[in-house]
Amino acid sequence: MGLTRIRSVGRCLADKIVTNDDLAGLMETDDEWIQQRSGIQQRHHISENTGPADLGAVAARQALDRAGLEPGDIDCILFGTLSPDYDMPASACVLQDRLGIPDVPAMDVRNQCTGFLYGLTVADAFIQAGRYERVLLVGGEVHSTGLDFTTRGRQVAVLFGDGAGAAVIERGDDDERGILSTHLHSDGKFADKLWLEAVSARAPHRLTEEMITSDDPPIFPKMQGRYVFKHAVTRSAEAIREAVAAGGYSVSDIDLLVPHQANLRINQAVAMALEFPEEKVVNNIQKLGNTTAATIPIALYDALEDGRLNEGDLVCLVAFGAGFTWASVLLRW
Ligand code: ACO
């Protein structure tokens, strides 16, 4: 009975690099404001006609290759996304078709920035229950086709990027290496602090011309930025403390903290609140922006490539996002 482990990861970045100066050509913003408030220097956007499942398929193939596996070795697909290819069916089903793995269960996890950690928890539960042997968990987003790139939408539009990360998850043969604990939280009373109101089944007509042409269109995401920022710092710090306490560790035992990438300042504030050294925090938002459900698998990929993530490391993953939802996972790599 070994612990569940992440056997391999892969990533796919959208093909077009969009700098802060590029955005300044579309709206009233500038490189200094964006970098100062968020740490972001650039992000990737898709060129055209690419969905999260397309990016996810590239990331998934890379993760499979790195594990020496074929798509047919997967017996369950989970897909974390807030920007699915279609309202229905699930992006997991679209990905399944791209990978050519018929007849395995495929399911979306619609938990925004915490989608990967919710998905990891579901995968761990499935595997430990003996239900599935090897789960492919993908986080994939195409934000760029759903943002308001005028000055009206600048608070949100500058933050997000397109990309996907994938992980092959299975039971290991070690009782000490793998997922040690997972911790999920949500509080729906904060739903309207960070949300995308349309297209909504509550509206008499789901999409009207007025929704598109109004001064305050519900078709774009809205966020009470400062409010979200404060909650993100508090809840992330709490979730990290919860994860280490569950394992009988203290924060200083963590070798690598891999947080969601919503804002570099959030991650710096969390490290400061925990008196945790910033050099042990993985941050790549500077180059990628916020890719929501994809941030953590991409950060794991980057940390492995950079040699920062090594066998035996105590790793804490943490995320906070719309819902509000927040989560942490403690694992021994
Ligand atoms: N360029 C220039 N000026 C801007 C921009 C921009 N892109 N965006 C906003 N401003 C202006 C505002 O209009 C405002 O001007 P005013 O003072 O004249 O009214 C001023 O800058 C300050 O705006 P704030 O929104 O208060 O700026 P803040 O310092 O809070 O930074 C930010 C905004 C970066 C969005 C920050 O609040 C944040 O990161 N919040 C949390 C994001 C987050 O964690 N999201 C959760 C995950 S996302 C998910 O789950 C989908």
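How many residues of the shell around the ligand are nonpolar, how many polar and how many charged? In this predicted model, the shell divides into 14 nonpolar, six polar and four charged residues.

**Around the ligand**

Let's start with who sits there. The ligand is surrounded by 24 residues, and the closest are Thr29, Arg37, Cys113, Arg226 and Asn263.

| Residue | Protein atom | Ligand atom | Distance |
|---|---|---|---|
| Asn263 | side-chain N or O | oxygen | 2.7 Å |
| Gly225 | backbone N or O | nitrogen | 3.0 Å |
| Arg154 | polar side-chain atom | oxygen | 3.1 Å |

On its own, the ligand has 1000 Å² of accessible area, and the protein covers 76% of that. Helix H2 (31–38), helix H6 (154–157), helix H8 (225–246) and strand S12 (314–321) are the elements that each give two or more residues to the shell. H8 provides the largest share, with four residues. Domain 1 (4–171) and domain 2 (178–332) each contribute at least three residues to the shell.

**A sheet of four strands**

Strand S12, which gives residues to the shell, also belongs to an open sheet of four strands. The order in this sheet is S8-S13-S12-S11, and the pairing is mixed.

In general, strands of a sheet pair through backbone hydrogen bonds, in a parallel or antiparallel way. Here, S11 and S12 pair in the parallel sense, over four bridges.

Notes
Residues are numbered from 1 along each chain as its sequence is written. This is a predicted model: local features need pLDDT of at least 70, side-chain atom pairs count only at pLDDT 80 or more; totals for chains, interfaces and linings use all residues. Side-chain values use heavy atoms; hydrogens and water are left out. A residue is near a molecule or strand if one of its heavy atoms lies within 4 Å of it. A polar contact is a pair of N or O atoms within 3.5 Å; within protein, one must be able to donate a hydrogen and the other to accept it, and residues adjacent in sequence count only if both atoms are side-chain atoms. Accessible areas come from the Shrake-Rupley method with a 1.4 Å probe; for residues, only the protein chains shown count as cover. Ala, Val, Leu, Ile, Met, Phe, Trp, Tyr, Cys and Pro count as nonpolar, Asp, Glu, Lys and Arg as charged, and the others, Gly among them, as polar. Domain bounds come from an automatic or database domain assignment. Two strands pair if DSSP finds at least two bridges between them.
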